[in-house]
Amino acid sequence: PGFRDFLLACDVAIAPTEGQVGDVINVGFVGPVYYLPFGVNADGMKSQARPFHLRDIQLASASNSHPARNLEIVEAVYAELRSRGRRVENFQGLPPSTLSRNLGRTKIFWQTSLTEASGSRILPEALAAGCYPVAMEECATTTEFLNRHKVGKTIKSGIRYDFSTKKTFPPGDVVATLVDQLDAIITGIEKEKNFSPPDIESHYREEVEISTLLK
């Protein structure tokens, strides 16, 4: 309700995905609504990218302590994957150059969030760095991003997120469920010698966002 009241008091709305344009209209907003995806520094993100078959991190994410990003579950999932011999990492609070270097070492990037109201730059950043993207099925914006570009996979966690209380409600078997799905994806990707991400630069370039679209 608070978000709706705030939205309806605005004159103009800008949504980061085409799907969210419809969401804004559906809650009663009657002003102009623009679709403006957040841009990324694509050149910077791919500047330290290794050839896909030489990347030493099999799976990585960028989860922090926000409830919607499921950090405790991610850490439990990673502990189990490490026990299976998988090389996994969670990147937190890294400057762009360090993030670029780490993404350039990563084969699969897992977007763990259930809600990305900002449209989340991290998924297009990971794709620009040459990572194979995986998103939570329960997150509408990241699922829309993958479907739009016909790339990657979604996995189902069964976690429910309450937007009003900012609390998550995971099923009891969530860790085992996610581990099995991610382990299977890693097994499949390890057989691939290369991954060619779709060209998203013309649509998500930071320079275009700032110099052209916002103007």
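Which word describes how H2 and H7 are set relative to each other?

A: Happy to. A quick note on the basis: this is a predicted model, in which local features need pLDDT of at least 70 and side-chain atom pairs count only at pLDDT 80 or more, while totals for chains, interfaces and linings use all residues. Residues are numbered from 1 along each chain as its sequence is written, and side-chain values use heavy atoms, with hydrogens and water left out.

The word is oblique. Helix H2 (residues 18-26) and helix H7 (residues 140-149) pack at an angle of about 135 degrees, and their axes are 9 Å apart. H2 and H7 are therefore oblique to each other: angles under 35 degrees count as roughly parallel, over 145 as roughly antiparallel, 65 to 115 as roughly perpendicular, and the rest as oblique. Axes here are lines fitted to C-alpha atoms, for helices over the stretch in contact, and angles run from 0 to 180 degrees between N-to-C directions. Helices (H or I, at least four residues) and strands (E, at least two) are DSSP runs, numbered from the N terminus.

Glu18, Gly19 and Gln20 of H2 meet Thr141, Glu144 and Arg148 of H7, where contact means heavy atoms within 4.5 Å. By class, this contact has no nonpolar, three polar and three charged residues. The classes take Ala, Val, Leu, Ile, Met, Phe, Trp, Tyr, Cys and Pro as nonpolar, Asp, Glu, Lys and Arg as charged, and the others, Gly among them, as polar.

Tyr35 is partly exposed, at 25% relative accessible area; buried means under 20%, exposed over 50%, and partly exposed in between (1.4 Å probe, protein chains only).

Now to the other residues of H7. Thr141, Thr142, Thr143, Phe145, Leu146 and His149 are buried, and what covers them includes H2, S5, H6, strand S6 (132-136), S7 and helix H9 (201-204). Just after H7, Lys150 takes a positive phi of about 50 degrees.

One of those covering elements, S5, leads us into the sheet. Six of the six residues of S5 are buried, so S5 is largely enclosed by the rest of the structure. The open sheet has five strands in the order S4-S3-S5-S6-S7, with parallel pairing; two strands pair if DSSP finds at least two bridges between them. Strand S4 (88-90) and strand S7 (153-155) are the edges, each pairing on one side only, and the twist averages 25 degrees from one strand to the next. S3 and S5 pair over three bridges, with Phe109 as the partner of Ala60 and Thr106 opposite Ile57. S5 and S6 are joined by four bridges, and Trp110 stands opposite Val134.

Trp110 also brings us to the largest nonpolar core, which has 48 residues; Leu59, Val77, Leu103 and Trp110 have the most contacts inside it. Such a core is a set of buried Ala, Val, Leu, Ile, Met, Phe, Trp, Tyr and Cys residues joined through side-chain atoms within 4.5 Å. Helix H8 (residues 174-190) gives the most to this core, with seven residues.
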